[in-house]
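Biologist: I'm new to this one. Can you walk me through it?
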Amino acid sequence: MLAYAIRRSLMLVPVFLAVSVIIFLILHFIPGDPIDNLLKVGSSPTARAEIEARYGLDKPLPVQYLIWLGNVLTGDLGTAIVARRPVIDLIGQALPHSLALGGLALAFSSIVGITLGVIAALNRDRWPDRAIMGGVLVGSTMPSFWLGLMMMLAFSVWLGWFPVSGARGWSSLVLPVLTIGLGGTALVTRITRVSMIEVAQKDFVTLLHAKGLSPLRIQLRHVLRHALIPVVTILALRIGWILGGAVTVEVVFARPGLGTLLIKALAQHDYPVVQASLLMLAMAVMIGTLLGDLLQAAMDPRVRAALA
Amino acid sequence: MSPLLELQGVSVAIAHAQLLDGISLRLDRGQILGLVGESGSGKSLTAMAAMGLLPLIGGRVTTGAIRFDGQDMVQMTEAQRRALRGRRIGFITQNPMTALDPVQRIGAQIDVVSRLHLGLSSAAARARTLELMTQLRIPEAGAVAEAWPHQLSGGMKQRIVIAMALAGEPDLIIADEPTTALDVTVQAQIIQILAALVRDRGLALLLITHDMGVVAQVCDRVAVLYAGRLAEERPVDPIFAAPAHPYTRALTLCIPRDDTARGALHGIPGAVPTALNYPSGCRFHPRCPKAVSACSATQPALVAYGEDGRVACHLPGPGAP
C-alpha cells in the first residue's frame, strides 16, 4: 500500500509540469496587456521597457517559464501587478476561506448524501425512496446561485438566523455551505443508491443471504462497502471542483476565496495572481484524484493487486 | 422416516410469469438427488425456492409446500427460514469466481457462519474454519485464510464455498451447478469431494447439473425438469438403462460415449421455450420425436412408473424415437 502511494504520488510530477506549462502559456495568449494599465497615458517606450524588465517580460518565453517555475517551486508566486502585494499573501488570505467552505460542503454532502442514498436503496420503490429521489431531482436542478439567494431571503432576511453575507464567524458559513453542499448531496445520494442496488444483485450477496446473515447486516457491512468505492472516487474528484467552482456562491454571499480572487484577477489582467490561483485549483484537482485513488486502493484489495 | 427435503406441487412465479409448475421432489438423508435439465428449465429456481431465497430475485411460491425436516418453509416466517440457511441448509453456487466477497479475507467469510449459527468465539470459529479447509484438502490453510479471493484459483474458491456451506454443520447441501465454471480436471475433484461428504457425514445433497455424466456417476435418484415441469423422477440406474420420457432419453443420448462416432455429438433440436410462450399440452411436444395429437392437446399427468419412479408422458417407456 505504501509503495503504491509513493508511486501514485510520483505520477503527479509530470502532470504538474504539464499543467504549469499550460497555465503559463494560456495567459500569454490572452489578448490585453497589463503593462498598459500600469503606464500613464502617453508614457515613453523607455518607461514601458523599464516596467517590462522589472517583471522579466523582456526575456524569451521558455526562459520566463523556467524562472517562473523556479520561483513557484521555492514558494515565490511573484507580486500582484494591481494590488502590488506578494501573490502568496493574497492566496494565503483566500485559501482558508475556500478550504473551510469547500471542506464543510464536502463533509455535508458526503454524510447527508450517503445516508439518504442508503435509506433510498433499502426502501427501493417504496415511499422513502420516492421522497428522497424526488428531493434529489429538485435539488439537482436548482442552480446554486438561485438556491443561495432563496436561502438568504428565507433564513437571513425573514428569519434573521444567519448573516446575509460576509465571512465573519461560523454562522456566516452555514448558508454558503448548504448552498454548495446541497448540489453535491443530490449527486452523492443518487450514486450511493444506484451503486447499492447494483451491488445487491451480485452473486456474492446471494451467497451471504444463503449463509443466513441478516439482510440489514448484509446491506450495511458488505453491500455498502462496495457501493462506496465509486462514491469515494466522485467525492475526491469534487474537491477541486468545490474549491474553484464555489465562485458563484462566493459572489452571492460576498465571501473572499480562491474563486473570487481568480475572477477579479482575470478582469484586471493580473497575470501572477491568475497563474497562482489556477495553479492552486489545478493542484486541488490533482490532490483530489490522488486521494480518490489511494482511498480506492485502501478499500479494494483487487486495485492494490492490479497496481502492485 | 419422513424425507429431509420434500417439495409438494410447488409452483413459483416471478411477476406474472409462472416459471415452475407443480414440482414434487423428495430427498432423504445420505442421498444425492440429481436435478437435471437444459438452461431455462427451472433448476436454479427450484434451488432458490428450497433455500427460501426467492424474494431476492422477486419470486414467490404460489402453491405447494416445501417441507424441510417435516416443516413447511413456505409457511415459516422469514426469520425462521434465515435460521435454517447456513445452519441446516448449505448452499453452493454456480460460479465460485463471483461467489466470494472480493473485499473480505477468505477466513473471515467462513468464520462468520459458525460464529453466527453455532455461537462460536472468533478463535474457535477460526480453528473450525482451518479444520474444514484442511479436510477439503486446501493446502496451507492458515495462509489461504488470510488471502483475498482474487488470489485463489477457481477450484480453490469452490472449495472455500463448500467450506462455507459446511461450516454450520448442515443436514442438506444444495449445489447449483457447482462445477460448470471450473476446468474439467477440477470438476472431477469437486464432485468427488461432494460425494464423499454425503458418504462420510450422512448429508443429503441436491445436485443441480446439466452434466448427465456426473449424474450417472454419483446420484442415487434423478429428477428431470423441462420448461418448469417435472418430466421424470426415478432412481439413477433404471433411468439410464431405460429412460421413460423422450426428453430424458434425448438427454442421455447427449452424453458422448466411447462408441460415439467422431463428429457425431448428439444434441436436441430446438430450444427450451420461455415462460412467455409455453406450448399447450406437454411442453416438450414440439421437440418430441414421438409426439402424437394428444401431446399438444392435454398435459400428461405425473404418474407412477417402473420401480419407485414417476413420469409425465402420454407415451412413456422405450420405443423407437
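Biologist: In which sense do strands β3 and β9 of chain B pair?
Modeller: Parallel, over four bridges. Strand β3 of chain B covers residues 32-36, and β9 of chain B covers residues 221-226. Keep in mind that this is a predicted model.

Biologist: Which residue in β9(B) does L35(B) stand opposite?
Modeller: L35(B) faces A223(B) there.

Biologist: How many strands form the sheet in chain B, and in what order?
Modeller: Eight strands form it. The order is β6-β7-β8-β3-β9-β10-β12-β11 in chain B. The sheet is open, and its pairing is mixed.

Biologist: Which are the edge strands?
Modeller: In chain B they are β6 (89-92) and β11 (303-305). Each of these pairs on one side only.

Biologist: New topic. How many residues does the contact take from chain A and from chain B?
Modeller: Chain A puts in 19 residues, and chain B puts in 24 residues.

Biologist: Which element gives the most on the side of chain A that touches chain B?
Modeller: That's α10(A), with six residues. The elements of chain A giving two or more residues to that side are α10 (203-210), α11 (215-245) and α15 (301-307).

Biologist: And how do the residues on that side of chain A divide?
Modeller: Seven are nonpolar, six polar and six charged on the side of chain A that touches chain B.

Definitions and conventions: Residues are numbered from 1 along each chain as its sequence is written. Chains are lettered from A and ligands numbered from 1 in the order in which they are written. This is a predicted model: local features need pLDDT of at least 70, side-chain atom pairs count only at pLDDT 80 or more; totals for chains, interfaces and linings use all residues. Two strands pair if DSSP finds at least two bridges between them. Two residues are in contact if their C-beta atoms, placed from the backbone, lie within 7 Å. Ala, Val, Leu, Ile, Met, Phe, Trp, Tyr, Cys and Pro count as nonpolar, Asp, Glu, Lys and Arg as charged, and the others, Gly among them, as polar.
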